[in-house]
Every structure is written in structure tokens, then in C-alpha cells.
Amino acid sequence: MQEAQTQHPVPISRPEQTKTDHDKSDIFEANKAMPSSNAFKDQPDKGEILGFDFYRDPLGAKKPMESPMEIEKADKAMKDEVMAQQRKLLEHRYILTPKFDPEVKMSRGKPVPIGPTARLPKGITWEDLAKMSPEEIRKDGTFPYPSLPHPKQAPGGQVFPQVQIKMFPRLQRFDVDFDLPDAFLPEFPPAIFLQSRPELGDVSRGEVVSINNYYRLFKDILTPVQLDGLRMLVTPFPQEEFNPTDDRKSEEPSLGVTCLDCHVNGHTTGQIHLNPDDRPEQRRMRLDTVSLRGLYNQQIHSSKRSLRSVEDFTEFEQRTAYFNGDEIHAFKKGANILNRVQVSHMAQMQNMFDFPPAPKLNVEGRLDRSKATEAEIRGEDLFFGKAQCAVCHPAPIYMDQQMHDLKLERFVNEAPLGPMKTFTLRGIKDSPPYMHDGRCFTLEDTVEFFNLILELKLNPQEKADLVAFMRTL
């Protein structure tokens with residue numbers, strides 16, 4: 001795909017290929033245009049547009065008609081400082097040197113990181129923190145999992161991990177980089193499991209599905225309709241930061257991004273964005289890309305919008321996540337109007353992605369205790385009992401098709417989040433980091449998070465048992 005977007009120089013061999021002085025002159029610039037009337041000199045601003053000119057003026061300009069070159073130069077000059085500030089924040093909040101479980105692996109073999117990674121104030125233990133009331137934690141500023149910010153809130157936008165950019169350089173931004181260490185991200189490439197062909201296991205064959213290989217990989221596995229849907233899912237479309245216009249954030253003009261650039265192989269590699277559903281800009285929250293695995297069993301889509309069909313989600317993403325909810329700028333950059341036939345094909349394909357196999361679960365989604373360890377059995381009892389996990393994450397798919405408000409503002413001086421979609425826990429060990437913004441790097445962090453906000457009073461053994469059970473899902 002990168003090769004297809006690269007313009008190669010052609011040796012000059014014909015007279016008409018030679019650039020003339022006219023070709024190289026500046027007479028094409030807007031400020032060189034002669035006025036159509038001499039009377040403009042007596043009108044306001046001499047008839048010139050000094051502010052925002054919708055199609056020409058780049059978004060994010062800090063002064064009237066600031067050129068794209070000026071913006072790019074300023075963004076590049078600021079990038080190291082932006083990323084250093086984010087790194088400083090992460091190092092203050094987390095232990096970034098990863099530890100790994102010696103036995104548990106993700107579906108294709110990447111080690112599972114273990115935690116907790118959150119740093120606690122000196123002299124305070126997790127047990128001490130759990131004894132404090134929400135009011136005390138908020139007052140003392142000791143909540144270990146405040147919201148995780150986008151490294152550059154304005155302009156925000158999609159940011160891809162470096163491991164993915166190495167394969168697809170078109171996803172590189174010149175103004176900001178991805179911030180979380182690779183150890184705390186899902187494996188790349190992720191495995192692909194199809195609910196229509198469970199006997200095949202991982203059908204990715206160790207490749208990232210793209211426009212270049214989707215047909216070869218799936219022509220004998222998918223139906224023609226599903227294959228066409230997959231084609232659409234790996235076709236690049238313009239997006240806010242990746243497009244051919246002056247206000248893009250990639251050095252070279254781009255065809256855009258694909259659905260499966262974010263949902264790689266129908267899963268995720270932890271790419272981030274800002275949620276498109278809130279305004280103003282500083283009120284928006286970071287979103288960690290979620291997996292499409294098990295979509296066929298889900299009845300609510302998107303973290304905040306509560307969309308009730310994958311068809312609606314597929315269509316509306318063009319106007320929300322892709323263009324930050326701004327249809328006007330979408331048309332400037334190259335909006336792609338999908339008809340419902342294409343949308344239905346894309347939806348059918350998305351509904352093929354399945355969870356990883358869970359050999360220790362029975363047909364009802366509960367532990368087969370003849371195959372489970374003692375820790376996993378204790379963890380299941382806690383999950384469906386004292387820990388209250390099953391209130392929002394019931395078997396067999398471990399989600400309740402609802403939105404819930406955890407009211408985190410009880411613990412931290414931040415804007416309330418409001419109701420958020422419950423996400424499935426099936427295949428959860430393949431999907432770090434956790435929570436909508438990735439603030440919990442490991443399952444151990446997630447257990448500590450809920451132990452605090454639900455005031456569960458779990459002891460260390462109970463926490464470890466819960467993690468053991470969730471890894472079987």
C-alpha cells in the first residue's frame with residue numbers, strides 16, 4: 001500500500017517535462033492574485049480574506065492564513081517537548097519497566113504483562129488505600145488511576161503504535177508519537193478467529209490483513225459478500241489527520257486510513273483517538289481502540305453513542321471518529337458516502353470475527369472445573385460473588401449490553417464521565433491496556449481499580465485469584 005502511494009521520479013526525456021520559470025514562479029499563490037476591481041482598495045481589508053478560508057486555510061492555524069508549512073514546522077519543533085512531557089507524566093504515574101508472566105501468553109505467543117504498575121504515594125500500600133473513603137482519596141489526591149490523557153489533546157486524533165508504523169509508514173504523524181510501551185499493548189499482528197470456521201483456529205497466518213493480501217488469505221474461507229466487506233474494511237479512506245489536504249498531520253499526502261488500521265486483524269494494537277461525542281476539545285477523552293472480536297453477540301456499539309447495530313456503527317464512524325464528528329470538514333478532505341449495501345457487507349464481515357478459544361470454559365461460558373486450577377476456581381467464585389464482576393459482565397460473553405456510570409468523580413477531581421458501554425471480557429488477556437482510555441496497563445491494575453471504586457475490600461490472594469480466572473476467558 002505504501003508503494004502504491006509513493007510517487008517515483010521519472011527521468012526528464014521530453015521537452016514538455018522540463019519545468020519552466022513560469023512553472024516555478026510564485027504567481028500561483030493566493031496573495032499574488034490581481035484584484036478584479038481597483039475599487040477594492042477602499043473596501044474593508046481591501047477585499048481580501050484575512051481569516052479562515054474554508055478550503056485553503058488549515059485547521060489548527062494560530063493566526064490568519066497561517067501556511068501549512070508554518071504549522072508543520074512548529075509541530076515538528078514542538079514534538080520532542082510534547083512527548084517528553086507525556087513520558088514524564090507516565091513515569092510519575094506508572095512503573096514502565098514491564099514484568100511478564102512466565103507461563104501465560106497471548107494467542108500468538110506474546111508474553112502477558114503483570115502488575116500492578118501504578119505508583120502509590122510513598123508509605124501507602126494498596127491495603128491502606130482500600131481502607132480510605134472515596135472522599136478521603138479525592139481530598140488527598142491519592143487515586144492511582146486518574147484519566148489517561150492523549151499526548152497532544154489539541155488537535156488530538158488517531159495515533160498508531162510504532163510497531164505498526166514500521167509496517168505501514170503512511171500512519172506516521174509529524175506532530176506526535178504513540179506514548180505507551182509496546183510491552184503493555186496487544187500482540188502485533190493479532191490472531192484472527194472466525195466464528196464460521198472455528199476448526200481453522202488462527203487464520204491470520206502471521207500476517208496483517210491489508211488491501212494487498214486479503215484476497216489471497218480469505219478467498220477460500222469467506223463468502224463473496226463477506227470477502228467484499230473485508231475489501232471495504234481494508235480500503236483506505238480520508239480521515240482528519242491522514243488525507244491529501246494541507247491540514248493533514250502526515251508529511252506526504254495520504255489516501256487515509258482503513259477500518260482495520262485501527263482494528264488490526266479485527267482486533268486492536270492499542271491505537272488511540274479522542275472520543276468524537278463530547279465538546280469542547282478539552283472535555284473530550286482519550287479512547288483506546290477496542291476489539292471487534294465477538295461483535296456478532298453484541299447489541300450496543302461505541303463507548304458513548306449507544307448505537308444499536310453494527311451497520312449504524314460502520315456508517316457513522318465516517319462522520320464521527322474519522323472526522324471528529326465534523327461532516328463539513330469531511331467533505332473538504334474527501335468524505336466517503338457508503339450506501340447500505342456496502343455497509344451491510346462490511347457489517348457481515350465484522351460479525352465473523354470471533355473470540356480466541358477458551359478451552360477451560362464449558363458451553364455455558366463457565367469454568368469446566370475438571371480443567372481449572374484451584375486459583376481459577378476461587379477466582380470464578382469471586383467473579384460471580386464478592387467481587388461483583390458478573391453484575392456487568394455475565395456469562396457467556398461477559399458483558400451485559402448496557403451502559404453504566406462508575407461515578408469516578410467520587411475519587412478524583414475530574415469531569416464526570418457519565419455512562420459508558422460495558423465491554424466484553426472474553427479473550428481479555430489479549431487486549432491490554434484496559435478501561436476506555438487504557439489507564440490500567442494490566443489485569444492486576446484493573447482489579448485494583450475496581451477494588452477501590454466498588455469498595456470490595458479484596459485481599460491480595462483474592463485479587464490474584466480473580467486475575468487467574470479472567471485469563472481463562
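Biologist: What should I keep in mind about the numbering and the prediction?
Modeller: Residues are numbered from 1 along each chain as its sequence is written, and side-chain values use heavy atoms, with hydrogens and water left out. As the model is predicted, local features need pLDDT of at least 70 and side-chain atom pairs count only at pLDDT 80 or more, whereas totals for chains, interfaces and linings use all residues.

Biologist: How many cavities of 30 Å³ or more are there?
Modeller: There are 4 of that volume, where a cavity is a set of points, on a 1 Å grid over the protein atoms alone, at which a 1.4 Å probe fits but cannot get out. Grid points are joined across faces, edges and corners, and a volume is the space filled by probe spheres set on the points.

Biologist: And the largest cavity, what lines it?
Modeller: The largest cavity holds about 580 Å³ of space and has 33 lining residues, with His 263, Val 290, Phe 313, Glu 317 and Ala 321 nearest its centre; a lining residue has an atom within 4 Å of a point. That lining divides into 14 nonpolar, 14 polar and 5 charged residues, with Ala, Val, Leu, Ile, Met, Phe, Trp, Tyr, Cys and Pro counted as nonpolar, Asp, Glu, Lys and Arg as charged, and the others, Gly among them, as polar.

Biologist: Which element gives the most to that lining?
Modeller: That is β3, with 3 residues, while α9 (259–262), β3 (272–274), β4 (286–288) and α10 (310–316) each supply at least two. Helices (H or I, at least four residues) and strands (E, at least two) are DSSP runs, numbered from the N terminus.

Biologist: What is the volume of the second largest cavity?
Modeller: The second largest cavity has a volume of about 70 Å³. Of its 11 lining residues, Arg 170, Val 209, Ser 210, Thr 258 and Asp 261 are the closest to its centre, and the lining divides into 7 nonpolar, 2 polar and 2 charged.

Biologist: Is Cys 389 buried or exposed?
Modeller: Cys 389 is buried, with a relative accessible area of 18%, whereas Cys 392 counts as partly exposed at 21%; buried means under 20%, exposed over 50% and partly exposed in between, for a 1.4 Å probe and protein chains only.

Biologist: And the rings, how many aromatic pairs?
Modeller: The count comes to 15, where rings of Phe, Tyr and Trp (its six-membered ring) pair if their centres lie within 6.5 Å, with planes under 30 degrees apart counted as stacked, over 60 as edge-to-face and the rest as tilted. Phe 160 and Phe 242 have ring centres 5.8 Å apart and planes at 70°, so this pair is edge-to-face. Both residues are buried, and they sit 82 residues apart in the chain.

How values were computed:
On a 1 Å grid over the protein atoms alone, a cavity is a set of points where a 1.4 Å probe fits but cannot get out, and a pocket is an open set with protein on both sides within 12 Å along at least five of seven lines; lining residues have an atom within 4 Å of a point.
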